[in-house]
Amino acid sequence: MYLGAPHAIRFRYEDGALTGILLGLHRKPTLALREELLSPYVSFGPLPPNGPAESPLRQALGTGFRDIELDAGPDKGTTVLRQRFDLREPMDWCLRVDAAGRPGPGGAAFTLPDEVKLSVETTAPFTVDRGAVRVRLPAGTSEVNLTVTSWPVFAAGDTIVVCRPDQLREAAVVASCLPGDRLTPVIAIEPPPVPREHHIDFYELHQELERKVMAGIGTDTAGAQALAGGPEAQREMLQRLADLRWLASMLTPYRSWAKRNEMTSRLISRMGIRRAVFLHDFAPHELGIHDPALDDAYDRYAAANGRVPDDDDGRMFADVPVKLRLTGVGLRDLTTAAWRLLRDPDPGSEPERVLEVPVDDPSCYVSALFTALRTGAALRAVDRPHTPPPGDPFADAGPASGEAVLVENTGDNSCQSWTGVGREFIRIGARGYIGTLWDIPARPAADFARVVMDRLTAQQTPAAEAIVGTGAPQGIDRSYIYVGTVNGRLDQWPDQVTGGEAVLAHCLVLGRAALKFLNRTSGSRSVAVQVLYREMTALRRTVEGTEHARTLAYVDALVWELRLAWLLAQSQGEQSDDIPALIAQIDATLEELDLPAPVTDRRRADRFELAGLLHQQRGARAEALADLELSMRYRPPEKTVRTCCW
């Protein structure tokens with residue numbers, strides 16, 4: 001079995017023992033190792049079915065047991081396998097690695113090929129002998145933790161281009177002046193969704209109202225008094241809870257924006273970027289990576305307690321040592337300015353080869369940049385191009401070019417794609433392409449795509465076989481063709497996602513997609529959510545009765561299904577008959593998993609909040625207040641601003 005999230009570092013177990021660490025997601029070979037128990041009368045017992053990385057496992061060892069749990073870092077590049085042993089008698093545990101180990105204060109470290117690092121830390125006595133770490137585990141409790149660090153290896157440049165979303169043309173010109181044989185990140189900085197001052201005001205209002213709500217229902221006594229207060233008191237408390245959720249929804253956009261900035265900045269630091277080229281003079285708050293409301297609250301707390309506030313300005317790209325600016329340069333002059341700034345500082349230098357593009361036609365810049373990077377040309381914006389316009393988006397590319405990955409954002413590919421862009425993908429070296437010979441309706445195309453993608457990813461079926469016999473209406477299969485080698489398929493990695501894992505991952509994708517319709521009119525929202533709800537239910541039911549129905553991923557799918565049922569009830573004014581069964585299934589599955597409270601509390605909080613909102617829709621105020629009270633108790637106070645429904 002495999003332990004770990006599908007899209008992360010994974011651990012392979014055979015007959016209960018660890019036998020490998022899978023790094024296929026990073027396009028690296030599996031790290032082979034072997035775990036052994038060297039004492040007599042002990043052996044590895046079977047491992048129970050496992051879901052996400054946060055789900056702990058308990059394994060019998062003959063003279064006791066061990067609890068196994070994964071702790072993945074925020075960037076998914078470092079994962080810790082935590083093992084807590086509880087033994088009646090001492091025993092020897094050994095890990096053999098095909099590399100020399102170096103002893104340290106608390107364990108051993110291994111430096112492996114492909115920039116992979118493995119360390120073993122333990123609280124028990126240990127010895128290191130070449131490629132083996134041997135730990136003398138005492139009677140009672142002890143720990144042995146394995147830390148794996150690995151990052152994808154790919155050719156990346158040392159420069160990023162930072163621009164506004166409306167500076168597509170400028171960013172394309174500057175990127176074309178950098179070497180085309182490596183990745184050059186282009187990062188568009190979105191402005192804050194709300195003014196900083198408004199966000200802080202919302203936070204303070206939320207904190208004040210939360211204190212009142214917790215005083216009203218935060219204890220058994222207060223909750224009982226609220227329930228016994230009669231309809232008017234119940235109505236008032238429900239209104240406060242509704243106001244609290246609304247204020248939480250007003251905090252979410254700024255926090256999501258800052259989190260995105262922080263993750264982007266951290267990724268750039270991990271890549272070792274040395275230069276940042278700014279095409280706009282951004283104000284400090286436009287590059288923020290922290291929640292200003294929390295910063296403001298901490299500064300007040302520090303001042304009140306005689307501490308010096310943190311001087312971290314919390315801006316993006318703080319670790320990038322060289323910051324260059326190309327602001328105030330006109331589009332027509334940008335090629336020369338960028339070339340001399342980034343490639344050749346000689347005052348008279350110019351790129352040897354240029355591809356002219358019309359200054360007033362933004363639509364051609366993406367395709368022109370593709371050709372420029374492939375041919376080593378730099379883009380130059382002019383009023384009347386003398387070189388042929390890049391109407392053929394891949395004009396100067398050919399099958400001998402290096403590999404490219406292109407993502408065409410055209411929905412379900414239901415258009416007549418083979419006669420247009422499809423041939424160009426093949427001509428410039430794509431290994432294969434699936435396209436249509438004639439236009440087909442969007443809904444059958446979506447059904448066809450769902451079946452084919454499952455076959456290509458989860459089942460690893462060759463593309464030529466994946467598009468045949470999909471069960472689509474007559475004529476749909478015949479409209480699709482596959483062009484490529486007969487055995488063409490996606491890369492086969494040893495840590496592929498299983499069918500059940502893929503199904504549950506798809507359920508979460510559908511649930512999150514439904515939230516995108518919250519700000520649309522009620523009619524379109526109802527139709528979209530109804531379709532997503534139906535598809536999600538059908539997918540989730542395919543894993544019922546399997547080991548995947550006893551995982552946290554299955555619970556998350558049930559919670560998202562309940563959330564969609566609530567959204568539909570809001571739009572249609574009528575609740576689904578499936579809701580009681582969904583709630584009962586969530587409760588039963590969480591009870592069966594028997595997980596620690598920190599793992600289950602968030603799911604229970606979401607379940608009770610949704611149940612309370614559904615009771616409130618039906619006018620059952622007492623039941624709504626009781627469930628919402630339980631939701632507040634299960635959700636830690638500092639997390640209440642992240643409500644599940646908004």
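Strand E2 (residues 10–14) and strand E3 (residues 17–22) pair in the antiparallel sense over 5 bridges. This is a predicted model: local features need pLDDT of at least 70, side-chain atom pairs count only at pLDDT 80 or more, and totals for chains, interfaces and linings use all residues. Residues are numbered from 1 along each chain as its sequence is written, and side-chain values use heavy atoms, with hydrogens and water left out. Helices (H or I, at least four residues) and strands (E, at least two) are DSSP runs, numbered from the N terminus. Two strands pair if DSSP finds at least two bridges between them. Buried means under 20% relative accessible area, exposed over 50%, and partly exposed in between (1.4 Å probe, protein chains only).

**The antiparallel sheet**

- An open sheet is formed by 7 strands, in the order E1-E2-E3-E4-E8-E13-E12, with antiparallel pairing.
- Strand E1 (2–3) and strand E12 (126–129) stand at the edges with a single partner strand each, so one side of each has no neighbour in the sheet.
- In the E2 and E3 hairpin, 2 residues lie between the strands, and Asp 15 takes a positive phi near 55°.
- Arg 12 stands opposite Gly 20 in E3.
- On to strand E4 (residues 31–37), E3 pairs in the antiparallel sense over 2 bridges. Here the bridge partner of Gly 20 is Ala 32.
- E3 is mostly covered, with 6 of its 6 residues buried.
- Strand E8 (residues 91–97) and strand E13 (residues 132–137) run antiparallel and are joined by 6 bridges. Trp 93 stands opposite Val 135 in E13.

**The parallel pair E19 and E20**

- Strand E19 (residues 354–358) pairs with E20 in the parallel sense, over 5 bridges.
- Val 357 has Ala 381 in E20 as its bridge partner.
- E19, helix H7 (residues 365–375) and E20 make a right-handed β-α-β unit. Right-handed means that, with the strands pointing away from the viewer, the path from the first strand over the helix to the second runs clockwise.
- Strand E20 (residues 378–382) is mostly covered, and 5 of its 5 residues are buried.
- Both faces of E20 are covered: Ala 378, Arg 380 and Val 382 are buried on one side, Leu 379 and Ala 381 on the other.

**Aromatic pairs**

- Rings of Phe, Tyr and Trp (its six-membered ring) pair if their centres lie within 6.5 Å; planes under 30 degrees apart count as stacked, over 60 as edge-to-face and the rest as tilted.
- The count by this rule is 6 aromatic pairs.
- Tyr 254 and Trp 257 have ring centres 5.2 Å apart and planes at 65°, so they form an edge-to-face pair.
- Both residues lie in helix H4 (residues 230–270), 3 residues apart, about one turn of the helix.
- Tyr 254 is buried at 3% relative accessible area, and Trp 257 is buried at 8%.
- Phe 448 and Tyr 480 are stacked, at 3.8 Å centre to centre with 10° between the planes.
- Phe 448 belongs to helix H9 (residues 442–457) and Tyr 480 to strand E22 (residues 480–484), so this pair ties together parts 32 residues apart in sequence. Both residues are buried.
- Phe 278, Phe 282 and Phe 317 are linked into a cluster by ring pairs.

**Charges over rings**

- A charge sits over a ring if NZ of Lys or CZ of Arg is within 6 Å of the ring centre and within 35 degrees of the ring normal.
- Arg 563 lies over the face of Trp 560, 4.1 Å from the ring centre.
- The charged end of Arg 607 sits over the Phe 608 ring, 4.0 Å from its centre.
- Arg 607 lies in helix H16 (residues 597–617) and is buried, with a relative accessible area of 10%.
- Contact means heavy atoms within 4.5 Å. Not counting residues up to four places away in sequence, Arg 607 touches Leu 562, Ile 583, Ile 586, Asp 587 and Asp 627.

**Nonpolar cores**

- A nonpolar core is a set of buried Ala, Val, Leu, Ile, Met, Phe, Trp, Tyr and Cys residues joined through side-chain atoms within 4.5 Å.
- The largest has 40 residues, of which Leu 562, Leu 564 and Ile 586 touch the most other members.
- Helix H12 (499–515), helix H13 (522–541), helix H14 (552–572), helix H15 (579–593) and H16 each supply at least two residues of this core. H14 gives the largest share, 15 residues.
- Leaving aside neighbours within four places in sequence, the contacts of Leu 562 include Ile 579, Leu 582, Arg 607 and Leu 614.
- Another core lies apart from this one and has 39 residues, among them Phe 44, Phe 85, Leu 118 and Ala 124.
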